Amino acid sequence: MQFRCNKSAVLTLCFMLFCGLAWSQEALEVSVNRNPVQTGEQIQLTFTLKNITRKIDAPKINGLKFLGGPSTSNSTSWVNGSRSSESSYTYSYQVTSKSDITVPGYELKGSQGILKSASFIIRVQERNQQQQRGNKGDLGTVACIIETSSRNVHVGEPIVVNFKIFNRANNLDVRKFNIPETPGFWKETVETPDPRWEPQIIAGKRYNVANVRTMVLFPQQTGTLTIEGFDLVGYMRTSFFDGQNVTASADPVKISVSPLPEPIPSNYLGSFGQLRVNAQQSERACKTNEAITLDLTFTGEGNLKFIQEPELAWPGEFEIFDPEVIDRIKVTEKGESGTRTFRYVVIPRAPGNYILPMPTGKWFNWRKEAYSDLTSPALKLEVTRNESDGGGQVNYNSKTDVQVLNQDIQYIHTEWTGPCLPKSRTNNRSRDAAGILAFGPMLLGASLWLRRRRERDQLDPKGARKRKARAAVRKGLQEAKQLVNDPSAFYPALGAALENYLLAKLEWNASQLQREALVGALQAHVPDLHARWSELLQALDMARYAPGQVEVPTSMLATSEALINETEKAWNA
Amino acid sequence: MRQLFTVLLFGWSCLIWSQDDFEIIFQTANEAYSAGDYAEAIAGYESILEDRMHFESEYNLGNAYYKMRDWGSAILHYERAAQLSPSNPDVRTNLILANAQIKDRIESLPSNGILDIWDRIVAPGRFKLWMIIMAFGWILGFGALAWRVWETRLENRRILGTSAAALLSLGLITMLLAWSTSQRIESSKSAIITVSETPIRNEPGTNGMTLFMLHEGTKVTVMERQGEHWEVQLANGNTGWISSSDLTEI
């Protein structure tokens, strides 16, 4: 079968298609999802391109802060052979300006020339000028609402805050929401199950409402505190293929916080809806050195975590350990309540009947807007002596760190102990060192000299005897010379010196000293002098026993010295 | 010999007599201090220290100046006392308290490892220690050699020879340390600023540029002397020239 094509028909169809395409008009439009707006609100600018494909970058606009994007969507349609396409780029901005914002016209080069969007103005309203939507009269399609249990409170009085999303559409996809920070508040978050949509009729309209967060806030400062910044970013599907981004911001909520009534008590405990304290002891009676426990339980409504360890005046005989803090506190949609227990371990160290200390103070009752007293009945403890301690009482002294109150220098030294030397003696380092250095070699030198002398004496016994005799007579004559004025002592000393000299010369012992033998030995060694020696020794004998018959000591000393010198010469020869 | 003994006895008698005399002045100054008459106490202690060195008098004089709130003089005398007795805890405590009163806060240079260790070894306070060890090693070493001369047994001679070598080595090492310490003492004299405020200039004289100001009680090291102008170095390494009348050597 042969396909036969009518050329003219084909050309006609192509012409019609071309004309259809050519007739599709290119356009650029810029739109905003909300106008007027409030400062701080999020808005979305959408750039719609018709029959043209271009990428649009986020423009900088004065008064708007770029947050994110783009979110894009494309669609193409054929109508009666005419093709039309549409692309949109959506950017999120936050309004930062307090005055109107001008969105300028944007230009884009298309195939048919320059495309230009129309300029327009975004009206910015003050927040208080806008209709408060707290009455939920007109929430729009999607709305964020901050619900508070109260807007006028005292410091420390809790506020329950719910962050809710209202939605009339069934197909809202909540992609992101911001729970604001709450400066000036102590925040406790209520643990709730995952939020879910619940139907609610408001002003005759059906809304889906989700409570995304519940918090209990305790204002910590006075003045007007603002909760703001609860924003939502979602996507609402308009058809199976299409949808649009939606945003919503909650109106800020101002909380007026009043100060506590004056005068504030010095023993102020905190601000509560209700507060009482119960004391419970593990034993009413115990023995010394046995531990008991005392539970002080604070029960009430409010931020019980603010209750600090009470200052208790314990008896000095008690040893107290740091208390264990046991919290059983619930945070619910109604607020915060529960108990805080301080569990003390107490060891009494001495017997006696004691009254256990109880906490006292005043707390502010926000319901009555007045201060209330915290009271509790006193507990007694009877402590008896523990006989198992060996019958003796354990002395217990609680110890604390010594606090340094003042500092001063150490006192003067009153004892005179150290040396008090002239300053001239303190700069003798070189002399001292030289003395130490010289002493060692001198010691060695002396030792060597003595050793050498001893060796020389061993090699020359005759010379050694001679030196020994000379030393002996020199010493003896010196002693005798000192006694020359005392004849009774002089002559014995001189006699002893001469005898020692002759004993050394002859190498005799004292027992060998006899006059006849001595004379004989002298005759043998010094034949010319032995007569004079005999005469001198005899004169000395006479002098010892008959002092008046001999010459004077000085002449006898001179005679002795001369005779010794001559004997030395003759003996050597 | 007898004459020498007589001279020594006379000298010792003079010393004993003068010590007793100074001790009376010392006790009188102590009583004045206890009575709160610090000016009289200062006069007493200074009369002792005029031409003598005495630890207790230096320390007590520092205390008296401290009580008079004369921080510079107090630190000066505490430092002198510390040189006489470096390990005395009272001096160290009072010196810390006195230094806490002065105006200048000077951070010391960071430690530089081996050089820092060497500085500690040859610190001025170590001189006496090195001298004692040197005397011990040197004299005992030569004593061992002297003994070895008379020793006849080979084993004993060997022991004495080895001991002598070890002791003499110890003596030589400590001799070098003592010499280095002595050089350190000679080269780095410390001084205390004794005026309330004084400029430190970049050159000797009064025409130089003022680099920084020092205040009473600050300790400096004297590096060089040119007449009445001394070059000083601070603990943080800064140097400059100062008038010698504004500081007192320790």
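Analyst: Two strands pair if DSSP finds at least two bridges between them. Helices (H or I, at least four residues) and strands (E, at least two) are DSSP runs, numbered from the N terminus. With those terms, strand S22 (residues 268–281) of chain A is joined by four bridges to strand S29 (residues 361–365) of chain A, and the two run parallel.

User: How should I read the model and its numbering?

Analyst: This is a predicted model, in which local features need pLDDT of at least 70 and side-chain atom pairs count only at pLDDT 80 or more, while totals for chains, interfaces and linings use all residues. Residues are numbered from 1 along each chain as its sequence is written, and chains are lettered from A and ligands numbered from 1 in the order in which they are written.

User: How many bridges join S22(A) to S24(A)?

Analyst: Nine bridges link S22(A) with strand S24 (residues 292–302) of chain A, and these strands run antiparallel. Within that pairing, A:Asn278 is partnered by A:Thr297 in S24(A).

User: What is the order of the open sheet formed by three strands in chain A?

Analyst: The order is S14-S19-S20 (chain A), with antiparallel pairing. Strand S14 (172–178) and strand S20 (243–249) of chain A are the edge strands, each pairing on one side only. From one strand to the next, the twist averages 20°. S14(A) is joined to strand S19 (residues 231–237) of chain A by six bridges, and A:Val174 has A:Gly234 in S19(A) as its bridge partner.

User: Changing topic, how many residues of chain A are in contact with chain B?

Analyst: There are 27 residues of chain A in contact with 36 residues of chain B, where contact means that the C-beta atoms of two residues, placed from the backbone, lie within 7 Å. On the side of chain A that touches chain B, the elements giving two or more residues are strand S32 (421–422) and helix H2 (429–459) of chain A. H2(A) provides the largest share, 13 residues.

User: What classes do the residues on that side divide into?

Analyst: They divide into 14 nonpolar, nine polar and four charged residues. Here Ala, Val, Leu, Ile, Met, Phe, Trp, Tyr, Cys and Pro count as nonpolar, Asp, Glu, Lys and Arg as charged, and the others, Gly among them, as polar.

User: Which strand of chain B is joined to S32(A)?

Analyst: Strand S1 (residues 52–53) of chain B is joined to S32(A) by two bridges, and the two run antiparallel. The bridge partner of A:Leu421 in S1(B) is B:Met53.

User: How many helices and strands does chain B have?

Analyst: Chain B has eight helices and eight strands. Of its 250 residues, 32% count as buried, a term for residues with 20 or more other C-beta atoms within 10 Å of their own; exposed means 12 or fewer, partly exposed lies in between, and C-beta atoms are placed from the backbone.

User: At what angle do the axes of H3(B) and H5(B) cross?

Analyst: The axes of helix H3 (residues 55–67) and helix H5 (residues 89–101) of chain B cross at roughly 25° and come within 11 Å. Axes are lines fitted to C-alpha atoms, for helices over the stretch in contact, and angles run from 0 to 180 degrees between N-to-C directions. H3(B) and H5(B) are therefore roughly parallel to each other; angles under 35 degrees count as roughly parallel, over 145 as roughly antiparallel, 65 to 115 as roughly perpendicular and the rest as oblique. Among the residues of H3(B) that meet H5(B) are B:Tyr59 and B:Tyr66.

User: And H5(A) with H6(A), are they roughly parallel or roughly antiparallel?

Analyst: The axes of helix H5 (residues 515–525) and helix H6 (residues 530–545) of chain A cross at roughly 150° and come within 9 Å, so the two helices are roughly antiparallel to each other. A:Val519, A:Leu522 and A:Gln523 in H5(A) meet A:His530, A:Trp533 and A:Ser534 in H6(A). By class, that contact has three nonpolar, three polar and no charged residues.

User: Lastly, where is A:Leu503 placed?

Analyst: A:Leu503 is in helix H4 (residues 487–506) of chain A. A:Leu503 is partly exposed, because 18 other C-beta atoms lie within 10 Å. Leaving aside neighbours within four places in sequence, A:Leu503 is in contact with A:Trp508, A:Ala510 and A:Leu513.
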